[in-house]
Amino acid sequence: MSRSRGAVGWLGTGEDTQPWRGAYAPYDLIKELTIAVGVITLIAVILTILLSSPDEKPVTIAQWSKQGPVNFLATATQELNGTSATAEYGPPYNHSSANVQHFWLLHPQRWLGVSHPINTTYNYVVSPLRTVIANPALQAAVNEYEAAPAAQRKAWGEAYAKPLEEYEAAAGEHKTPPSSVSTDAATGAVTVHTSSSAGPVPTMMAALVSLAQSGGLEGTLLTGDTANLDGTPLRSKQFYETDYTLPLLFLANGSMLEEKAETEHLLGSQWGMMNETGSYPGQAWLWLYTMWYQIEPMKSSPNADLQVMLIMGVLSLLFVCIPFLPIINRIPRWIPIYRLIWREHYRSYVSS
Amino acid sequence: MSVAPSSEPAIGPADRDLDRSWTVRLRKRWVAALPPERLLPDGQPTYVASWIYVFGVASIASLIVIIGSGSILALKGPAWWHYTSLGHFFNSIHMWSVELFFFVMVVHLWGKYWMAAWRGGRARIWMSGAIIFLVAVPCALTGYVSQQNFDSQWISTQAKDAMNATGIGAFFNVTNFGQMYSYHILLLPLAVVALVTGHVLLVRRHGVVPPLELQQRVGALAAVAEPSAGGEASPGEAGS
């Protein structure tokens, strides 16, 4: 009986109710459920016929490297040099710190450590180029790069990255890009004129652009060899693979994914967490999550994700515990919406 | 040659052994807590007379449509709906039933809040309902990142930061399609269905919360009214 645990039982709220000893109306539970399933199915079918559902094709690395070869090359060079967003991210990908968040004494990201190691130099550049075995000049260039001291590799990489960064900065500001970077519209090749020697890097990166434009890089990133942060092999010659972390993070480091997302009103500043492509409702139930990102201090905080998740964690706990929250659990008595819900009951009571 | 069945009743274990039987103990507890007429009632208190009550059963109905359409998509594999119109049709059914599920569930939750439906030992009913909502959110998220289209690319690469910041990303990688698909079609739906089952059984056990202010009037009501329908359903224990 409902009384048994009412006032003093486990998880009691101190608000007991009496067993109902009034009238009963006939009720067919199974029939009600069957009708409800039919009605919901009908509504879903009508919405499907009228509105369908979105299915915007995914962005591919081949598409990115063809339509934005300089951005692709600039991003790939950052991966080579260990200066990309992924390379500097921190756990769970590596031991960097650019994206490591904390809140007071809470450092859960650091505590959980590196669970998905990504060695950007090896995984995004060296390993894919090792698959192009029919190009001896390329393999010699990769050998030279790998054999060089770290300082030399850094100097080559920076020399090659500098003109690309200047080009990207000018393009971002809608200025005339420097002539040190040029693209061949017919072949999609990118020529980079460096002010100092870049060693084997131009050969390597030109081959990576070709591999990407041919559509071969997606498969290589998905199933090719990968290495741990210390360079030891992590995964070798896979056939089946369902982990898209490498290609997705690579795409996210470039600009094409974000540019497309902006046109589809999906950016964080556009409340994008609760949107999806087109004019579909998306995950509207995430409105409260995304709302916190729009207001200070989360809006400008480097720890916004952790702050928002903590806020939502606390709110979720309070939501579950509403029956025990002193003021919140009394509001339904003060704002008598229940009189509307049970108006028939109260009316019959008054008339009797 | 056949052996005629004995007319003697089968000799069962001693009563003492029966009392020790885990099965018998479970059955006794189950039947005591939820006798059949309370589990599947044929009557409900007359105060259960508002459209707001429809949203509870509509939530379960939406979940059934979600699982039905999702099962068809699962039978054909995750890529099927991208290249067939029939697959896209069932994907649309799946998506819209999810939207309906959240809509009716939110209305149901608000309705129960304004009824203060946790009264009378029903706190666990509220709490299980709230947890269902909270578990349904990642259930939907894993679906969005398993779509294998641009939405999946964008949502997964954005959601990873929140997951990683809390450390959840160490074992819940939203950019790992295989892992997310497993969560979406098995682990999280299993959790939602288990929670919904528990929630409904609690509702059946405790009955629909009576109207507010009834406590002061129940004595007067008891004097003038007896259960007039509903077979053997215990007073105050029916409804949804």
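This is a predicted model: local features need pLDDT of at least 70, side-chain atom pairs count only at pLDDT 80 or more; totals for chains, interfaces and linings use all residues.

Analyst: The peptide bond that runs from A:Pro91 to A:Pro92 is cis, its omega being near 10°.

User: Where is A:Pro297, and what is the omega of the peptide bond from A:Glu296 to A:Pro297?

Analyst: A:Pro297 sits in the loop between α12 (287-293) and α13 of chain A. The bond from A:Glu296 has omega near 5° and is cis.

User: What makes the phi of A:Ser52 worth a remark?

Analyst: Its value is positive, near 55°, in a residue other than glycine. A:Ser52 belongs to the loop between α1 and α2 (61-67) of chain A.

User: Why is the pair A:Glu146 and A:Arg130 called a salt bridge?

Analyst: The label needs a side-chain nitrogen of Lys or Arg within 4 Å of a carboxyl oxygen of Asp or Glu. Here the N to O distance is 2.7 Å, so the pair qualifies. It links distant parts of the chain, with A:Glu146 in helix α6 (residues 136-147) and A:Arg130 in helix α5 (residues 120-130), 16 residues apart. Over all chains, the structure holds seven salt bridges.

User: How many residues of each chain are in contact, and what area do chain A and chain B bury between them?

Analyst: In chain A, 102 residues are in contact with 109 residues of chain B. The two chains bury about 9600 Å² between them, with 68% of it on carbon and sulfur atoms. A:Tyr24, A:Trp285 and A:Trp342 supply 10% of the area that chain A buries against chain B, more than any other three residues.

User: How do you know that strand β1 of chain A and strand β1 of chain B pair?

Analyst: Pairing takes at least two bridges. Strand β1 (residues 24-26) of chain A and strand β1 (residues 43-45) of chain B have three, so they pair, and the sense is antiparallel. A:Pro26 stands opposite B:Gly43 in β1(B).

User: How are two packed helices described, and what are the values for α13 of chain A and α7 of chain B?

Analyst: The angle between the axes and the distance between them describe such a pair. For α13 (residues 304-320) of chain A and α7 (residues 123-144) of chain B, the axes come within 8 Å and cross at roughly 150°. The residues making this contact include A:Phe319 and A:Val320 on one side and B:Trp126 and B:Phe133 on the other. By class, the contact has eight nonpolar residues, one polar and no charged.

User: What makes A:Glu241 and A:Asp243 a polar contact?

Analyst: The cut-off for a pair of N or O atoms is 3.5 Å. The backbone nitrogen of A:Asp243 is 2.9 Å from a polar side-chain atom of A:Glu241, so the distance meets it. A:Glu241 is in the loop between β5 (233-235) and α10 (245-253) of chain A. Leaving out residues up to four places away in sequence, A:Glu241 touches A:Leu222, A:Thr223 and A:Arg235.

Notes. Residues are numbered from 1 along each chain as its sequence is written. Chains are lettered from A and ligands numbered from 1 in the order in which they are written. Side-chain values use heavy atoms; hydrogens and water are left out. Axes are lines fitted to C-alpha atoms, for helices over the stretch in contact, and angles run from 0 to 180 degrees between N-to-C directions. Helices (H or I, at least four residues) and strands (E, at least two) are DSSP runs, numbered from the N terminus. Contact means heavy atoms within 4.5 Å. Ala, Val, Leu, Ile, Met, Phe, Trp, Tyr, Cys and Pro count as nonpolar, Asp, Glu, Lys and Arg as charged, and the others, Gly among them, as polar. Buried area is the accessible area (1.4 Å probe) that two parts lose on being put together, summed over both. A polar contact is a pair of N or O atoms within 3.5 Å; within protein, one must be able to donate a hydrogen and the other to accept it, and residues adjacent in sequence count only if both atoms are side-chain atoms.
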